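Subject: Structure handover

Hello,

Here is the structure for you to look at, followed by notes on what was found in it.

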Amino acid sequence: MINYDIIQKLVTFFGIIEGKLMSLIHLENIEKVYDTGEIPVQALRSINLEIQTKTFVSFIGPSGSGKTTLLNIIGCLDKPTDGKVFVNNIDVGMLNRAESAVFRAKTIGFVFQNFNLIPVLTVYENVEYPLLMLGRIPLKERRSRVLRLLEKVGMTDQKDKYPNKISGGQKQRVAVARALVTNPQIVLADEPTANLDHTSAFKIISIMHEMTNEFGTTFIFSTHDPKIVGEAEILYTLEDGAIVNTEQRKAV
Amino acid sequence: MKMRNLIIIAFRNLFRNKRRTILTSSLIAFGVVLVVVFGGLAISFKSQMIGILTNTAMGDLQIHRKGYVESIDNQPLHLTLSGTELADVEKMLNGMPEVASYSPRIKFGAMISNYAQTSNIRLSAVYPEMENRTVSELIKRIKGQITSPDEFLKPGEILVPENLMKGLSLKIGDEIVLVATNKDGSVNAVTLRIAAVMENVFGPSGKDGYIHIQDGQTLLRMDQPEIVEIAVHLQKFDRLNGVFEQLMKESDQPESSIEVHTWEQLSPFSSITRIVDLLILVVKFILISIVLVSILNIMTMSVYERISEIGTIAAIGTPPSRILSLFLIEGFAIGLLSTFGGIVIGIGTLSLMNLTRIDFTFGQMDISLAPGIPAGEVFWIAVIVMFVSLFAGFHPAYKASKMEPVDALGHV
Ligand SMILES: Nc1ncnc2c1ncn2[C@@H]1O[C@H](COP(=O)(O)OP(=O)(O)OP(=O)(O)O)[C@@H](O)[C@H]1O
Ligand SMILES: [Mg+2]
């Protein structure tokens, strides 16, 4: 298995020497075309994007504007038709499936619209799962990390329940804990509040904001709910596969 | 991730759809029970039959003069072993530790007469003690008083097969005359007393009469025993092939005058044992098909139902190899549990059958089945089922591991 820590350090080292260290996320002329249907769909067109560490970013745009596609590419779940993607200075286009999985486990946390907790695992085990993927973390440390995260999202008392016994808002809080338990540099959330009522939605966003401040995580989420966007520091508006507006805001 | 975690997840997934899992396991377990019970019955039937064939008349192996078996139907009297040739064979057999005993026989055809009627009879002239040690079940066929198993026949006595007793209206104690032609073509006769009746059995020499070797020699005017056949009994039946090969090597030498055959080559009934083996194989094949189809089916459904879950675990960093293992373990676990259950039920059924032994008659053979299945056989059944489980689960598991996380996640 490739040791990413060493590669990371080497890359950072030479980057500093050459003076051209990239941002945490660096997208260069991204094109994405879906060629599956009768006519090809251009889902993303010449996207250039730099996202720095420790920022709270939101993508907004109408349905079909390409938010999901863009997040999938940033999250190394999908590859662009053209262009380059650097995450943490690594050209993720070069990674094969297995390497990509290891890279995601280390670097990226995911929160999904449908919560996507594993139904056969308890709340506790769901949060523990990503730590098992990293391997070689002693039980005691795993336990303290999981309990700390569950505490943060206020789910400690529900830790032994299975996902089908808790509410949607609670599920998403568990999902946030799961995304953050490995202390990733990036957390991606594609419409994390779409299946939640307003109160739960706001709660989730503010939990995420709070935690990203605390852990220094870069948080990127997509939504088409303008009310939710309020918390974002940087707001990108997508339309028809292109970024049409970038809005820098002050952290709340 | 440790194996333990994978196993926990796999097992919990199995219990997610209890009814389906139970149904599939029952089907596989049923197949295992079928193989165990049928195998147990068939193996026991086979060994009983082999036992009857080899222990009542044939012995495990037979030695003749070269060319005898080819013309066995004529019972030729010029193809015999005697003098130094016979002594050499006996020396060889005595020197083989696997050989428990052997019995030299003169086999020939004669006329039997009660002074009023005459009929044909096939005869074995034997040394009673050697014959009894070589085919120990022979005396069980004798109806009538015998002083001791090693002396079931004395000079001057004859054991007449059942059908001839009826045909010639004979009874024990009657005197009969045997008339035979010797190898030079001259005819001779002896008078013998019927000591007992031989029950008929199937197989070669199943309807033979028995006389003492001395009377055989007298009747055929032999100065010294001219032996037609030597039946050999082994210490352990499962050594048959080894001993056979060893004897074949001896007989293949150009100066050798003997030929060797196993009971299987001599008995027309040996094909039944081959049919039994074939049936066991067919039943095993059915089991393999059951396991293959049911595991393939349940795992394909399982993967199909959980596509978005597979997408989730892949997205959050589960490598493809782990996803493959996860599903392989799931299929294997069903195979393992069902096999275990099936073996327990199967052996239980066999034990129940053992309590009430199954008795029946098969072609004049009284068979009393004490079904049991060798541990090795059970082990192999288990290995086969588990291997097939893994094999059947591989395709669905591989498909799961090859899914692209985006596609799988998008699938709701
Ligand atoms: N797997 C696919 N195959 C073909 N076309 C696709 C696929 N996924 C997305 N598209 C198309 O690409 C475009 C962008 O889709 P995408 O899902 O990224 O938009 P979105 O902004 O996330 O929309 P929504 O708000 O509805 O989730 C759309 O026109 C969509 O139809
Ligand atoms: Mg979308």
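Helices (H or I, at least four residues) and strands (E, at least two) are DSSP runs, numbered from the N terminus. This is a predicted model, in which local features need pLDDT of at least 70 and side-chain atom pairs count only at pLDDT 80 or more, while totals for chains, interfaces and linings use all residues. Residues are numbered from 1 along each chain as its sequence is written, chains are lettered from A and ligands numbered from 1 in the order in which they are written, and side-chain values use heavy atoms, with hydrogens and water left out.

Ligand 1. The shell holds 14 residues, the closest being Ser63(A), Gly64(A), Lys67(A), Thr68(A) and Thr69(A); a residue counts if one of its heavy atoms lies within 4 Å of the ligand. Both β2 (41-51) and α2 (67-74) of chain A supply at least two shell residues, and α2(A) gives the most, three. By class there are four nonpolar, eight polar and two charged residues (Ala, Val, Leu, Ile, Met, Phe, Trp, Tyr, Cys and Pro are nonpolar, Asp, Glu, Lys and Arg charged, the others, Gly among them, polar).

Oxygen atoms of the ligand lie 2.5 Å from a polar side-chain atom of Ser63(A), 2.8 Å from a backbone N or O atom of Gly64(A) and 3.3 Å from a side-chain N or O atom of Glu191(A). Of the 630 Å² of accessible area that ligand 1 has on its own, the protein covers 64% (Shrake-Rupley method, 1.4 Å probe).

Strands. In chain A, β1 (residues 25-34) and β4 (residues 82-87) run antiparallel and are joined by five bridges; pairing requires at least two DSSP bridges. His26(A) stands opposite Phe86(A) in β4(A). β4(A) also pairs with β5 (residues 90-91) in the antiparallel sense, over two bridges, with Val87(A) partnered by Ile90(A). Two residues lie between the strands of this hairpin, where Asn88(A) has a positive phi near 55 degrees.

Cavities. A cavity is a set of points, on a 1 Å grid over the protein atoms alone, where a 1.4 Å probe fits but cannot get out; lining residues have an atom within 4 Å of a point. The search found two of 30 Å³ or more, volume being the space filled by probe spheres set on the points. The largest has about 90 Å³, and α10(B) gives the largest share of its lining, three residues.

Regards

Note on methods:
Polar contact = N/O pair within 3.5 Å; in protein donor to acceptor, adjacent residues only side chain to side chain. 1 Å grid on protein atoms, 1.4 Å probe; cavity = no way out; pocket = protein on both sides within 12 Å on 5 of 7 lines; lining within 4 Å.
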